[in-house]
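Dear colleague,

Please find below the sequence and the structure that I am handing over to you. My notes on the findings follow directly after.

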Amino acid sequence: MTPEELDDLLCQYGAQLRAWPVEQQRAVVAFLLSSAEARARVREMRRLERLVAQDGPELEPPPGMMERVERRLVAAALKDWPPHLTPRRIGCPPGRRSFF
């Protein structure tokens, strides 16, 4: 498991590891035992969850978290995007350009 994968799982399931699917729990426990950085990420997510629960004004995501979330959202949105449309595919006469 990588720190980025852990971040994704924390965003998906939250910091209460007991609530995670069992297969994910096993992998994250092994990672937490071997990585101080991973333990710090879980502590940070727990802190963020407490702030959200308290409506704390100091809410700040961990560095890079928003960028990772945005990348995942864009990738998910583009996953089923139709292939690039050429003028011929959308019925334009040859030699004429369209906005696609």
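Helices (H or I, at least four residues) and strands (E, at least two) are taken as DSSP runs, numbered from the N terminus. On that basis, the order of elements in the chain, read from the N terminus, is α-α-α-α, with four helices and zero strands in total.

Two remarks on the source are needed. This is a predicted model, in which local features need pLDDT of at least 70 and side-chain atom pairs count only at pLDDT 80 or more, while totals for chains, interfaces and linings use all residues. Residues are numbered from 1 along each chain as its sequence is written, and side-chain values use heavy atoms, with hydrogens and water left out.

For the chain as a whole, 23% of the 100 residues count as buried, that is, under 20% relative accessible area with a 1.4 Å probe, protein chains only. The accessible surface (Shrake-Rupley method, 1.4 Å probe) comes to about 7,900 Å², and carbon and sulfur atoms contribute 57% of it. Among contacts (heavy atoms within 4.5 Å) with a separation of 6 or more, 43% join residues 24 or more positions apart.

Turning to the helix packing, H1 (residues 3-13) and H2 (residues 22-34) pack at an angle of about 130°, with axes 12 Å apart; axes are lines fitted to C-alpha atoms over the stretch in contact, and angles run from 0 to 180 degrees between N-to-C directions. H1 is therefore oblique to H2, since angles under 35 degrees count as roughly parallel, over 145 as roughly antiparallel, 65 to 115 as roughly perpendicular and the rest as oblique. Pro3, Leu6, Leu9 and Tyr13 of H1 meet Gln24, Val28 and Phe31 of H2. By class, these residues comprise six nonpolar, one polar and no charged (Ala, Val, Leu, Ile, Met, Phe, Trp, Tyr, Cys and Pro count as nonpolar, Asp, Glu, Lys and Arg as charged, and the others, Gly among them, as polar).

H2 also packs against H3 (residues 36-53), at an angle of about 115° and with the axes 5 Å apart. Here Phe31, Leu32, Leu33 and Ser34 of H2 contact Ala36, Ala38, Arg39 and Val42 of H3. This contact has six nonpolar, one polar and one charged residues.

Finally, valine 28 lies in H2 and counts as buried because its relative accessibility is 0%. Beyond its neighbours within four places in sequence, valine 28 touches Met1, Leu6, Leu17 and Trp20. The C-alpha atoms of valine 28 and methionine 1 are 7.4 Å apart, although 27 residues separate the two along the chain.

With kind regards

Conventions:
Buried means under 20% relative accessible area, exposed over 50%, partly exposed in between (1.4 Å probe, protein chains only).
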